[in-house]
Amino acid sequence: MAKWTPKHEAPEPLEGPVVATITGGTILWFVLFLVQLPFYGWFDDHGHTWWIWTCLAGGGLGLIGIWYVRKRDQAIKRAETATP
């Protein structure tokens with residue numbers, strides 16, 4: 001018996017302020033890292049230091065994300081101006 005799959009076009013992707021969203025999220029990760037840093041001793045005593053390092057990793061990956069979405073945004077704008 002064949003699986004039924006609807007045959008319709010995929011919707012257009014939602015475009016929004018992608019650069020601002022990624023930048024805001026990155027800032028949030030770094031703020032969370034800085035807020036937790038003074039409590040490193042408590043986190044270490046309770047075996048939760050991974051919380052601090054997760055926030056730092058999120059901020060670092062966010063920096064890569066900012067670079068990526070800025071380049072993507074520039075490429076989209078170049079493609080729009082090149083197309084008559």
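A salt bridge is a side-chain nitrogen of Lys or Arg within 4 Å of a carboxyl oxygen of Asp or Glu. By this rule the structure has two salt bridges. The model is predicted, so local features need pLDDT of at least 70 and side-chain atom pairs count only at pLDDT 80 or more, while totals for chains, interfaces and linings use all residues. Residues are numbered from 1 along each chain as its sequence is written, and side-chain values use heavy atoms, with hydrogens and water left out.

Start with glutamate 15 and arginine 72. They form a salt bridge, with the closest N and O atoms 3.0 Å apart. Glutamate 15 lies in the segment before helix 1, and arginine 72 lies in helix 3 (residues 49-82), so the pair ties together parts 57 residues apart in sequence. Helices here are DSSP runs (H or I, at least four residues), numbered from the N terminus. Glutamate 15 counts as exposed, at 51% relative accessibility. Arginine 72 is partly exposed, at 32%. The cut-offs are these: buried means under 20% relative accessible area, exposed over 50%, and partly exposed in between (1.4 Å probe, protein chains only).

The other bridge joins lysine 77 to aspartate 73, with 3.5 Å between the closest N and O atoms. Both residues lie in helix 3, four residues apart, about one turn of the helix. Lysine 77 is partly exposed at 49%, and aspartate 73 is partly exposed at 29%.

Now turn to helix 1 (residues 18-36), where threonine 26 is found. Threonine 26 counts as buried because its relative accessibility is 3%. A polar atom of its side chain lies 3.3 Å from the backbone oxygen of glycine 62. Leaving aside neighbours within four places in sequence, threonine 26 is in contact (heavy atoms within 4.5 Å) with Gly59, Gly62, Leu63 and Ile66.

Next come the aromatic rings. Rings of Phe, Tyr and Trp (its six-membered ring) pair if their centres lie within 6.5 Å; planes under 30 degrees apart count as stacked, over 60 as edge-to-face and the rest as tilted. The count is five aromatic pairs. One of them is phenylalanine 33 with tryptophan 53, a tilted pair at 6.3 Å centre to centre and 40° between the planes. This pair links distant parts of the chain, with phenylalanine 33 in helix 1 and tryptophan 53 in helix 3, 20 residues apart. Phenylalanine 33 is buried at 11%, whereas tryptophan 53 is partly exposed at 41%.

Phenylalanine 43 and tryptophan 51 have ring centres 5.5 Å apart and planes at 65°, so this pair is edge-to-face. Ring pairs link Trp42, Phe43, Trp50 and Trp51 into a cluster.

Notes: Helix = DSSP H or I, 4+ residues; strand = E, 2+ residues; numbered from the N terminus. Polar contact = N/O pair within 3.5 Å; in protein donor to acceptor, adjacent residues only side chain to side chain.
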